[in-house]
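Please examine the sequence and the structure shown here before reading the briefing that follows.

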Amino acid sequence: MTSEETTFRFKVEVVLKNGVLDPQGEAIKQSININKLGNVLDVKQGKLFELSVLSKDIEHAVSDVEKICSDLLANSVIEDYKYYEVSE
């Protein structure tokens, strides 16, 4: 790490696109309703990633995260993703 670089932290959420069959989400929804834990209409299961990115500024860090998401973390055919910077 150089004095010109800073660590930026991001959370990335990846979920199935609307209309894509989600058998795990459906099974969770049914279990909630069968066990009378609530009246849940829909469940989407997904993935959460936490990234620490070393970069010279936030713009470059965001660019890196965007590339990581689109190239590696999400399948653009069936999944959507969103990310946001976190402080800690």
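Asp-57 caps the N-terminal end of α2, with a side-chain oxygen 3.2 Å from the backbone nitrogen of Glu-59. Such a polar contact is a pair of N or O atoms within 3.5 Å, where within protein one must be able to donate a hydrogen and the other to accept it, and residues adjacent in sequence count only if both atoms are side-chain atoms. This is a predicted model, in which local features need pLDDT of at least 70 and side-chain atom pairs count only at pLDDT 80 or more, while totals for chains, interfaces and linings use all residues. Residues are numbered from 1 along each chain as its sequence is written, and side-chain values use heavy atoms, with hydrogens and water left out.

**The helix**
- Helices (H or I, at least four residues) and strands (E, at least two) are DSSP runs, numbered from the N terminus.
- Ala-61, Val-65, Cys-69 and Leu-73 are the buried residues of α2 (buried is under 20% relative accessible area, exposed over 50%, partly exposed in between; 1.4 Å probe, protein chains only).
- These buried residues line one face of α2, because they fall within an arc of 75° seen down its axis (the arc is that of the directions from the helix axis to the C-beta atoms).
- Glu-59, Lys-67 and Asp-71 are exposed on the other side of α2.

**The sheet**
- Three strands form an open, antiparallel sheet in the order β2-β1-β3 (strands pair if DSSP finds at least two bridges between them).
- The edge strands, β2 and β3 (79-86), each pair on one side only.
- β1 and β3 pair over 8 bridges, and Asp-80 in β3 is the bridge partner of Val-15.
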